[in-house]
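Reader: Got a model open here. Can you walk me through it, starting with charged pairs?

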Amino acid sequence: MAVVIANMIGTGVFTSLGFQLVSTKNTWSIILLWSLGAIMAISGALSYAELGTKLTRSGGEYHFLSVVYNKFAGYLSGWASLTVGFAAPIALAAMAAGAYTEKYFGINDKLIASILIVVVSLFHMFNLKRSSQFQNTTTFIKILVIFIFIAIGLFTPSEATSFDWSNQWQNEILLPSFAVSLVYVSYSFSGWNAAAYIVDEIKNVNRNLPIALIGGTLLVSVFYILLQIVFLKQAPLSLLVGQVEIGQIVADNIFGSIGGKVISGLIAFMLISSISAMVWVGPRVTKAMAEDYQLWKFLSKTNKNGIPNKAIILQAIISLTMVFTGSFDQVLTYSAFILQLFVSLTVLSLFFIRKNNDLSGYKSPLFPLPQIIFLLISLWILIYLLVEQPVESLIGIGILLLGALSFLFNKAIESKK
């Protein structure tokens, strides 16, 4: 459960509300957005819990799609994980941490982001046990800080709020911008599938994987919805619209300048923990793909402690490139398009798995209702992304085309052997 919570609680929940409020201002609309995100994440977790206990190998979507569909589908999923699946969230978390701390340290936010990526990546290259201990400790601190933040924020009076309890939500939910706002929310919930990437490292997988995926997702979903209510209650709309460092703004309003600095520091620490979680999990997916394809064979090598150092280094390089070549909003949008596409294909694959009744393991309750709900919301997001954010969507498609070319290149290499 710790790895799910560590991956989920990160950049999105402390940053995305500002982007949503640009066009979606009604409080009911915001609550509905985050509730839909929770429903999607829980539906996805139910699906991945079944897939992970039936197709037991680390790698997540890469392994599932390779088995259920074909090697090409799996390869593109692995390519997506290699290029944006983890590198983009690492870059975004580092950029957000830079935004939260820039004004206190007087250091450029991109420089702060770069230092964090390099330092955390180096930390994970030496000792797996230490990495695991760090993740468990920081996850506990995350839960404690968020619980305190919510408790104080809900019960502390506020002079100015962003609350709008009117019926305007009935108009807002029909606008294209509502679907685009759902992109930010779905990205904030990404990480609910984290435990499926490290199935090989989970003991008693039939019991513990569903607990980790579903239990972790449920807990984080409650925190997320309550946090948005706190953010809206404790700051006026004028301070929040279009801003990245939402948590910092609200913390300043609740606790004053000094208290705000402390809370901002803790939020930055939580973002560092998120970077750490993704640096830990991401290279395991890359390693699984590298074991199967000659082109990436060098990334499958591990050090004496079983850590895929070369995969960690490559992931760090990609993340650093994103920090210096794209804005926060751009990186989030094109990575969200790619990730949404592959988790949708993975949830859809459960329908094919169900045809084989010989496979034992966990079974998703209420099948196929959660899966249909997930796929319908995902389709809505993907269509509106293509319509409303065509440039970023095309960047995502371009990344996949590069993956297809690398697949053909790998095929050519293997045919010569």
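Reader: Where do Glu50 and Lys54 lie?

Author: Both are in helix α3 (residues 27-54), four residues apart, about one turn of the helix. Helices here are DSSP runs of H or I with at least four residues, numbered from the N terminus. This is a predicted model: local features need pLDDT of at least 70, side-chain atom pairs count only at pLDDT 80 or more, and totals for chains, interfaces and linings use all residues. Residues are numbered from 1 along each chain as its sequence is written, and side-chain values use heavy atoms, with hydrogens and water left out.

Reader: What do the side chains of Glu50 and Lys54 meet in?

Author: A salt bridge, 3.4 Å from N to O. The term means a side-chain nitrogen of Lys or Arg within 4 Å of a carboxyl oxygen of Asp or Glu.

Reader: Are Glu50 and Lys54 buried or exposed?

Author: Glu50 is buried, and Lys54 is too. Buried means under 20% relative accessible area, exposed over 50%, and partly exposed in between (1.4 Å probe, protein chains only). Glu50 counts as buried because its relative accessible area is 0%.

Reader: Which salt bridge does Glu50 make with Arg354, at what distance?

Author: Their side chains meet at 2.8 Å, N to O. Glu50 is in helix α3 and Arg354 in the loop between α15 (328-353) and α16, so the pair ties together parts that are 304 residues apart in sequence. Arg354 is partly exposed, with a relative accessible area of 22%.

Reader: How many salt bridges does a search of the whole structure find?

Author: Three. One of them joins the side chains of Lys287 and Glu291 at 2.6 Å, N to O. Lys287 counts as partly exposed at 22% relative accessibility. Glu291 is partly exposed as well, with 33% relative accessible area.

Reader: Which residues do shared partners join into one network?

Author: Glu50, Lys54 and Arg354, through salt bridges.

Reader: Why can side chains pair at all?

Author: Side chains of opposite charge can pair when their charged atoms come close.

Reader: Switching to helix packing. At what angle do α13 and α14 cross?

Author: Roughly 115°, with the axes of α13 (residues 246-290) and α14 (residues 309-325) coming within 9 Å. That makes α13 roughly perpendicular to α14. Axes are lines fitted to C-alpha atoms, for helices over the stretch in contact, and angles run from 0 to 180 degrees between N-to-C directions. Under 35 degrees counts as roughly parallel, over 145 as roughly antiparallel, 65 to 115 as roughly perpendicular, and the rest as oblique.

Reader: And how do α6 and α13 cross?

Author: The axes of α6 (residues 87-105) and α13 come within 9 Å and cross at roughly 150°. That makes α6 roughly antiparallel to α13.

Reader: New topic. Which residues form the nonpolar patch on the surface?

Author: Leu379, Ile383, Leu386, Val387, Leu394, Ile397 and Leu401, with about 640 Å² of accessible area together. Patch residues have over 30% relative accessible area and no salt bridge; like charges are joined within 9 Å, nonpolar side chains (Val, Leu, Ile, Met, Phe, Trp, Tyr) within 5 Å. Areas come from the Shrake-Rupley method with a 1.4 Å probe, and for residues only the protein chains shown count as cover.

Reader: Which helix gives the largest share?

Author: α16, with four residues. α16 (369-388) and α17 (390-415) each supply at least two. Leu379 is found in α16 and counts as partly exposed at 49% relative accessibility.

Reader: Last one: where is Val185, and is it buried or exposed?

Author: Val185 is in helix α10 (residues 176-189). Val185 is buried, at 0% relative accessible area.
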